[in-house]
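Biologist: I would like to learn how to read pockets in a model. Please take me through the case at hand.

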Amino acid sequence: MSTADTVTERGTAAGTGSGRAPRRRRRGDGQRQSTAGWLFVTPTLVVLGLFLVIPILMAIWVSFTDWTGRGSPFSSRVGFVGTENYQALLTEQGLSRQDFMISLRNTFYYVVGVVPLQTFLALGLAVIVNQRFLKGRTFFRTAFYFPSVVSSVAISLVFLFLFTGTGAVNQFLGIFGIDGPTWFSDPRGLIHLAGQGLGLWSLDSPPGALADTQVMSLSLWDWFSGPSVALSAIMLQVVWTTAGTFMLMFLAALQDLPTEVEEAALVDGANRWQRFRAVTLPHLRPTVLLVVTLGVIGTWQVFDQMYVMTQGGPAKTTLTPAYLSYTAAFGQQQWGQGAAMAFLLFVLIFVLTTFQRFVLRDKDEAAAKKARRAQQRAAKKKEATA
């Protein structure tokens, strides 16, 4: 064997050895990185387990007991009542079921009124402050976002003064000859008031077909009352407060819109509305989905405005499941029933958000994913039969 061949073999052997060593080092590096990663996330997992997972599991247990808030919920003195707390809210006739249904009715109208308004307002504000030639854009962005960073309790107190019988809102309406209501003391529903204004019925003598038909402990007349005057004032306050946060989300999405696409539409002769409808809105679909999802979750969980402004009144027309759960647990010491309300609210929010995400999904992308999964299944089946 020549000297050149010997050198070549040694080089090949050295190359092979050097090639194996990095593989071992990379595998060792990966193990060390995995260990280091778990070490870094362990404190977070411990905190989440102690203050999130364990309390949720304890609340689930409490919802099946008659715990009164005294002592440990796991003591032998606490009785296991099964699904009695849930039955009292859903199937058994009584005040608990009636109040829970009233809270669901109120919150339904609250969600239907607040979510679309805050979404459209946030989108409109984002489009305005995204204009390139708008002077003072930074000022307007700050001004529109400012209510979102102020304490909701402080804003609620301000609105209490604005919407009193002699407040600024009624004084402004008086300029146009409108006698404003006593907002936070008026339990009349807006649909009831609209029907009376149109001459369809009288609030003092509602239609018998609606008043005499009971559904889930409430008459149809009560179900179709609409949001009360008091609740509508709270809805205005919430829309004004939350629109700024969602405005920033829309603004970030608008600034991410490729200018080339909009310029191409402009060259094709599309006017401003056509560009907004055909170019901007499709680009904003994920943001709209996010804003609506957060809006639905937040509105179904509303609590602080009701606690500060009305305590569920007048005539329980601002009662919500979150506030009712709080009063049942901390006020009446019925912790099992309060926990049951909380989990029923969770299930309701989960179902509604899942349905809403299904409705607002990108149908073209969903169809493409379905086609890819069908192709993968067909390929696997073909390989299995080959």
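Modeller: In this predicted model, α16 gives the largest share of the lining of the second largest pocket, eight residues. Helices are DSSP runs (H or I, at least four residues), numbered from the N terminus. Local features need pLDDT of at least 70 and side-chain atom pairs 80 or more, while totals for linings use all residues. Residues are numbered from 1 along each chain, and side-chain values use heavy atoms, without hydrogens and water.

Biologist: What volume does the second largest pocket have, and which residues are closest to its centre?

Modeller: Rolling a probe the size of a water molecule over the atoms shows where empty space is left. A pocket is an open set of points on a 1 Å grid over the protein atoms alone where a 1.4 Å probe fits, with protein on both sides within 12 Å along at least five of seven lines; lining residues have an atom within 4 Å of a point. The volume, the space filled by probe spheres set on points joined across faces, edges and corners, is about 550 Å³ for the second largest pocket. Its lining has 21 residues, and Ala59, Ser325, Gly338, Ala339 and Ala342 are the closest to the centre.

Biologist: Which elements give two or more residues to that lining?

Modeller: They are α1 (3–62), α15 (321–331) and α16 (335–359).

Biologist: What volume does the largest pocket have?

Modeller: About 700 Å³. Among its 18 lining residues, Asn130, Gln131, Arg132, Glu262 and Arg275 are the closest to its centre. The largest share, five residues, comes from α12.
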